[in-house]
Structure formats: structure tokens, C-alpha cells
Amino acid sequence: ARIADALRIAGVEVWFDRSDLRGGVAWDAQIKKQIHNCALFLPVISTHTNARIEGYFRREWNLATRRILDRAQDADFLVPVVIDDTREADARVPEEFLSAQWTRLPGGETPPAFAQQLRELLDPDREAAPVVYPAATIEPSGRSPRSARPRGRPNLRRLVLAGIALLLTVGAGTFWYYQGRSKAPEAKPAATTVPANVAVAPNEKSIAVLPFADMSAEKNQEYMSDGIADELLNLLAQVPDLKVIARTSSFAFKGQNVEIAEIARKLNVAHVLEGSVRTSGDKLRITAQLVRTSDSTQLWSERYDRPMDDIFTVQDEIANAVVSELKSRLLNAPRQEKRREPRAYTLFLQGRAIADQYTAPALEVAISLYEQALDLDPNYAEAWDGLASIYANQALDGLRPRDEAFRLASEAAQKALALDPQSAQAHARVGWISIYYNRDLSAAARHLSHALALDSGNIEVFKMAIGLLRRIDRLDLAIQLAEYVVSHDPLNSDAHFELGRAHYFARHWNAAIAELRTALALSPSGLGGRAVLGEALVLQGNPRAALEEIRFETDDGWRLEVKALAHHALGESAASEAAWTELTQKYGHLFVTSIVEAAAFRGDTDRAFEWLDRAARMRDPALSQIPSSPLCENLHKDARWLPFLRRHGMAPEQLAAIKFDFKLPQ
């Protein structure tokens, strides 16, 4: 199920017996038909299939091998997948399986690279254009140090959707295995398929801005084409009553030959803006077209040839032309973009593109590029905000001393706000720092509510506001905002994660688990995502499933925390204590609040308060989530609890006094 879900999310058409066989269907004939027609066949191999001397799945395997007889010897068809440590030499499989390269996907965890491999098997002549960033190079590096950033935030959040049609049949051995276990308690819920979020008819006042194609001869201007599309998206997002799909979801189709109708189905939009960018020296050519998704009709197109220093005028022209062509009753036109020094703008786009790689070396290169932009234009508010974002992430990731990093982040954010007091992003950044470092939730509420009032279409601001609402116990509003974000950015794993976290703090375990599984299906390598899912499973009363999940958590600290929780819930005190001790010894400098939560859940209140005091002294960024944490309920009756909260401005009456007034756009 995990493999099937991950491939579907990557745009691969999958036929999987467990989900695609319907009641009343002649299942035997249907399976045979799919095996006969599919382009690739994935047999799932494991110790379970090895142990089965007989089984219908073996018939499926044999039917698949017969198709090889009619195929050219160099034609790919079999893609064996092993989901555990079963060795090829020991596997009870048809001999033909051994002639194909095996893929190991432990536990069914399916990285995007595997889906890309399948697409290449189908279309080997297709080449992906590499991204080249002039004036900046990054050496390959290992994984960054263990992160203390808010859980579940993936290192890279871009999802590529394949446009190649593929019918893929998974061996039914897994299906019959689950059917045979139907009377046993479910050890682990199946991975949740990403909801379609598609209405019967999309809102006519809706649009997705797709990434513009880089048409330069060297194919090295992707940062520019992405940046222009991104700026157009931001301009259109200012238009009242116009639903604009957020960047993560609209950019998910980057580099893929996806039909307009398919884009409309996935994003539920009535219009798409697409185009291309070509640069040559100081000359710039931008083409853009507005397409109606219901019938792929081109409503409007235009070509703009301009010098590079006229780029902002071109953006305004395109945005206004699109609004006019939509023929919607809008309250006002998009705001005019501030003109920037062209070289500074180019450096800013390069810095933003490289920062998205989210590795330690990439962040340092991005800092250098932002600083170069600011040398050319010291009043470039967006570049100051970019610096603030990087410094804050370095603080959370332990890549720079925390106090130093947050001081630099705060200075840069305040500089951005001073230069542009009407910048929603700058207000949101200052509010975010108030949450994670200053622990001034009242100031955070002022800045974030003002940011939403300035720009009710900025999805990133919504995400920051959701984090605040969880901390001040406004969970109903947090869930509403998170659902709004998901509806506007349905392919963004962070959006589903935020909705899952909101349900988690509201103690809605089933809803939380479903959304967290969706987030992980969109971004299987999302750092910390499995740990939060593990926590929810423990609190739901399913600690063994939690232990199974965290086998695939890449972060050692989060894995240890969930082990401490799950083993305690299972009554395995020694294993729980060992995990908690290892957690404190290895990560006591970064993972302080999670150490508190683990101690509290285990009923070790004295050590929980000891670490609470330490978290306050260290200004741990996650401390403000403690009052509403489901793991800390054992502390609520302790005489030390309320005095601690009051000392740090987090007592119930203090949180209730914080004003946050905002109504969702209609």
C-alpha cells in the first residue's frame, strides 16, 4: 500500500489489487487482464512470500513471467521489489525474477528516486534538464546535524509529478496476506492516499501559476524563470476573491509533460498561467499564456521583449492582463511590485533557489548571495527577510550557536520590517521569532494577525499562524486555517503536516494520523514526520505500530523519544529508560522539550520539571508548545505546574488574554 500510494502521488498510474478490486468484479479475470496489459510488473518479495509454498500470488508471478516470452530481450518489464532483508540467493521466486535488477524498499518506504527510475524505464530518451546556478557552487555534503526545527518540516519540499501514463500491477501476495489477517488486530494502518480535494466544478475565480520554462541556450536560468513565476503568483495572490494555488502545489508539475486537464483535476482550478523565460545578455523575453482548464482553450497569450532592468514592469503587465482576462468581479487590481536593481534581483533569486536545498553548505552560499544583493541594494527588504529565514533555520538545526543565530535573524527581520512596514512576510517573520526565541506570544499574535490582514493569500503566513494558534489553545481556529491551507496547497506535505499537528493537539487521533500519513506519502523523507506519527499512535493506544513507524525515521533523536514513549506504554520499563537516557545523553543540548515530554508521559515528574527549568534557561524553541502538549498531561496536577507556566507567560489565563482576531477569506 505504501509503494502504491507513493507512486500514485508521483503521477504514476498504479493498479493495485488490494485497492482496485471492487465488489462484484470477476477478480480472477480482472487480475489476469491487468497483468496482460500492464507496462511494468512489480512483484513484492518478503520473508512472508518466501514462507508460502502455495498462494495465488505465485500464479500472478508465473503469469507475469510468461509475458516475457513474447517481449524483446532488452525490453524492461519485471521490477522485483524486496521489502525486508530477504536475500536473492534464498528467495523462492521464478528464475526470470533473478535476471532483473532488484530494488530494496524496506517497509515499503518509496523515495522519489524510485518513481523516477520507473519513468525512465518507460521513456529512456527523456532527459531532465539540470539546474545550474551561476556564480555559486555547492560541494556535495552529508546529512546536516540532527535538527531541532519544528517537527515534520521536510528538508526539501518540492514534489515532482510524472506525466507518463503507466499501468503497474503489484503482486497480490500482500493482498491475500492482509485478507487472511482480517480478524487479527490491525498492527499498522495502511498508508493514506492523498485526498483529491477536487470539487465537482472548480471556482471560476481560481488559477494556478505553473513554473515558467527556462528557454535559455545554456539551460542555466532556472532560478530566473522560477523567480518570475513566483513573483507573478505573489502578485495575483493580492487580488481579493481570486483563489490562487500556493507555490508548492503549482510547482509540483515542474519539468513534467502533464495535460492541462490533469492539472485541473489535481489542483481544482479553472485557469492556469504558464509561460517561458529566455535571457541573452541583458535582454529578456517572457512569454505567457492563460489557459482555461475545462477545455484547454488558450484565453490569452502575449510575448514581452524587455531589457533586464524592466523586469518588474513586465511582471505587472502580465498580472494585470491575466486579471482582465479572467473577467471576474474583483475588488481591485494587484499591487505594483517594487522595482529593484536588476543585478540585486538576480542574486536574490539565486539565493532563494539555493536556500531551498536546505543543506548546511547551501545555506551558507545563500547567505553570501543575499549579502551580495544587499551590497548592491541595502534597502532590499525581501533579501533581509531571506537572511532572517536562513539564520533562524540555522539556529533550529544547530548549525550556528542558537543565541547568535537568533540575534542575527531578529536583526534582519526587524530591518526588513523597517524598510517595508506593509510587508506581511516581514511581520510574520518577526512573529515567528517571537514564538520560537523570545517566547512573547502576545507580540507574535500582533504581528501574525497583522500579516494575515495585509495578505490573506500568503500560505506561508498561514502556516506560521497555525503554529501560534496551537500554542495559545485556539485549536478550532488552527484546524480551520490548516484546512484552508490544504485546500489551497493540496500537494504540500507541510500543509498536511500542519493540519495533522492541529488535530494532534486537539486529541483527534484518527484525523491526526490520517493527515500525518498523507504528509509522509507526499514527502517520505520528511524529517521528524514519522516521529510525530509515532507519538499519535502511542497516544491512540497503538505503541507497537509506533515502533514500526519509527524504524524509518531518519532522525536518531526523534526515534529515541518515540521509543521511550512506546516501550513505556507497552510496560517495557527497562527499554523505555534506556531510550530516554540515551536521548538525554546525546541530544540534551538540542532536544530539551522532547525530553520533558518523554519524562512527563512516563510519569517521571521530578525529572520532567528539572528538564523544564533547563529548557527555559536554554530558551528552547519548542518550549511554548508544552502547555498544550498531550504528552504533558501528567504534569497538570503537580503543584509546580501553574507557577512554572505563569513565570514564562504560558498559564491558561495568560494565553486566554492574547488577542488574535482573524476571519478566513470567503
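This is a predicted model: local features need pLDDT of at least 70, side-chain atom pairs count only at pLDDT 80 or more; totals for chains, interfaces and linings use all residues.

Reply: H14 passes H15 in a left-handed crossing.

Two packed helices are described by the angle between their axes and the distance between the axes. For H14 and helix H15, which spans residues 402–419, the axes come within 8 Å and cross at roughly 160 degrees. Angles over 145 degrees count as roughly antiparallel, and therefore H14 is roughly antiparallel to H15.

The contact itself can be followed residue by residue. On the H14 side the residues are Ala381, Trp384, Asp385, Leu387, Ala388, Tyr391, Ala392, Ala395 and Leu396. They meet Arg402, Ala405, Phe406, Leu408, Ala409, Ala412, Ala413, Lys415, Ala416 and Leu419 in H15.

H14 covers residues 381–397, and its axis comes within 10 Å of that of helix H16, residues 424–438, with a crossing of roughly 20 degrees. Angles under 35 degrees count as roughly parallel, so H14 is roughly parallel to H16. The crossing of H14 and H16 is left-handed.

In this second contact, H14 contributes Asp385, Ala388, Ser389, Ala392 and Leu396. Their counterparts in H16 are Gln425, Ala426, Arg429 and Trp432. The residues of the contact of H14 with H16 comprise five nonpolar, two polar and two charged. Asp385, Ala388, Ala392 and Leu396 meet residues of H16, and these four also meet residues of H15.

The protein chain has 29 helices and 12 strands. Of its 666 residues, 56% count as buried. Among contacts in the chain with a separation of 6 or more, 69% are between residues 24 or more positions apart.

The largest nonpolar core has 155 residues, of which Leu468, Leu481, Leu612 and Phe660 touch the most other members. Leaving aside residues up to four places away in sequence, Leu612 touches Val596, Leu623, Ile626, Leu635, Trp641 and Phe644. Apart from this core lies another, of 19 residues, including Trp15, Ile31, Phe57 and Val82.

How values were computed: Residues are numbered from 1 along each chain as its sequence is written. Side-chain values use heavy atoms; hydrogens and water are left out. Axes are lines fitted to C-alpha atoms, for helices over the stretch in contact, and angles run from 0 to 180 degrees between N-to-C directions. Helices (H or I, at least four residues) and strands (E, at least two) are DSSP runs, numbered from the N terminus. Angles under 35 degrees count as roughly parallel, over 145 as roughly antiparallel, 65 to 115 as roughly perpendicular and the rest as oblique. A crossing is left-handed if the near helix is turned anticlockwise from the far one by less than a right angle, and right-handed if clockwise. Contact means heavy atoms within 4.5 Å. Ala, Val, Leu, Ile, Met, Phe, Trp, Tyr, Cys and Pro count as nonpolar, Asp, Glu, Lys and Arg as charged, and the others, Gly among them, as polar. A nonpolar core is a set of buried Ala, Val, Leu, Ile, Met, Phe, Trp, Tyr and Cys residues joined through side-chain atoms within 4.5 Å. Buried means under 20% relative accessible area, exposed over 50%, partly exposed in between (1.4 Å probe, protein chains only).
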